[in-house]
Amino acid sequence: MGKGKARQANIELLRITAMVMVVVLHYFVKGGAEVSLVENTGAVNLLIWAIKGLSVVTINVYILISGYFLLETKWKISRIITLWLQTYVYSVGVPVVCYLLGVAEVRSWGIYDWINVIFPVQMEHYWFITAYTILYFFVPILSVGVKQLTKKQHQLVIVGLLLIFSVPKTILPVLIPTDRYGYDFGWFLCLFVIASYIRLYGVPALNKKSKAFVVYIGSVALVWIVSVVCGILSRKGVPLTYMMDMVFCYNYFWVLVASIGLFCTFQYIRIPNGKVATMICKISPYVLGVYLLHENIAVRNLWPSWFGIEKVRDSFAIFPHMFVTVAAVFIAGVMIDFVRDCIFKFVIRMWK
């Protein structure tokens, strides 16, 4: 493998890591393993929320990776068409298979559910795909735009966007009407502008992986401490339940800082040429399939019970169980998407 690919392996490893984090978050949330810190501050629950803090950077990291490379990549409509086709395979395929296997939840679906399946992007079947699609259509405009800015102007644009999307919800303990918690294309646009700044100018304060990693861990620790304190105070009658939950949103300021810290950490990791780098680069193209599989509306609320998460709640056994479950979901998603990709390539060869 060439030198460029070896350098690329570090970012592909980050992509894989981010997808593992997605599954970890869904394991806790969809599996009902996490309990509000207002109700439970036991050791197990505190550790669960700490792991959640380490993982909540996942979506930000994904968009930072995309923005970093899309800035200098030729825009092609074929990329979004391929993404839509990939999404459609899972959106339709998973429910159809579940229906044929007699899964009761799918057999009882109404017309709205099937419309959600047939129009996954428009119906936000996968919110990430919908938001990313809108971002991708803005990429050529944003790429030209940020290159016309001076460094100072670029910084001011970022500050302005953060004053809209991040800062108010970080400091105010009340619901902000415009806040979408980072689950929309507006926040993705903000992340793209930040990623393009990192690509053009770097982050001098995070020019070593040790510094960047300290920022990541420190920011996560701050998020966790704030959530625990808010939980304890809320139990005593102080109205901070909202703030306790908001610190784990993608557009919370310190979650953003943690995301940039982790991204820069992997920037400075060097993976030497060899089998490890080759394996990383072979696996990474299929990790989106992990998301499209386990977050399909037909199974997103079922797979946690299939793995029996409820049997290990509030016990230290949940952590080895989490490791095995996340690994199983990840491996299954990668293998299925590999098969899907082989079929796509076969169809394209036959077409040509």
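**Working through the model**

Tutor: Val-92 is partly exposed, its relative accessible area being 23%; buried means under 20% relative accessible area, exposed over 50%, and partly exposed in between, with a 1.4 Å probe and protein chains only. This is a predicted model: local features need pLDDT of at least 70, side-chain atom pairs count only at pLDDT 80 or more, and totals for chains, interfaces and linings use all residues. Residues are numbered from 1 along each chain as its sequence is written, and side-chain values use heavy atoms, with hydrogens and water left out.

Student: Which helix holds Val-92?

Tutor: Val-92 belongs to helix H4. Helices are DSSP runs (H or I, at least four residues), numbered from the N terminus.

Student: At what angle do H4 and H7 pack?

Tutor: Helix H4 (residues 77-100) packs with helix H7 (residues 127-147) at about 170 degrees, and their axes are 11 Å apart. The axes are lines fitted to C-alpha atoms over the stretch in contact, and angles run from 0 to 180 degrees between N-to-C directions. H4 is therefore roughly antiparallel to H7, a term for angles over 145 degrees.

Student: Which residues in H4 and H7 meet?

Tutor: From H4, Ile-77, Arg-79, Ile-80, Leu-83, Trp-84 and Thr-87 meet Ile-129, Tyr-132, Thr-133, Tyr-136 and Phe-137 of H7, where contact means heavy atoms within 4.5 Å.

Student: Changing topic, how many aromatic pairs are found in the whole structure?

Tutor: The search finds 27 aromatic pairs; rings of Phe, Tyr and Trp (its six-membered ring) pair if their centres lie within 6.5 Å. In one of them, Tyr-286 and Phe-338 have ring centres 5.5 Å apart and planes at 85 degrees, so the pair is edge-to-face, the class for planes over 60 degrees apart.

Student: Where do Tyr-286 and Phe-338 lie in the chain?

Tutor: Tyr-286 is in the loop between helix H14 (275-283) and helix H15 (287-294), and Phe-338 is in helix H17 (residues 318-351), so the pair links distant parts of the chain, 52 residues apart.

Student: Is Tyr-286 buried or exposed?

Tutor: Tyr-286 counts as buried, at 12% relative accessibility, whereas Phe-338 is partly exposed at 43%.

Student: And which ring does the charged end of Arg-340 sit over?

Tutor: The charged end of Arg-340 sits over the ring of Phe-344, 4.7 Å from its centre. The criterion is CZ of Arg, or NZ of Lys, within 6 Å of the ring centre and within 35 degrees of the ring normal.

Definitions and conventions:
Helix = DSSP H or I, 4+ residues; strand = E, 2+ residues; numbered from the N terminus. Parallel < 35°, antiparallel > 145°, perpendicular 65-115°, else oblique. Phe/Tyr/Trp six-rings, centres within 6.5 Å; stacked < 30°, edge-to-face > 60°.
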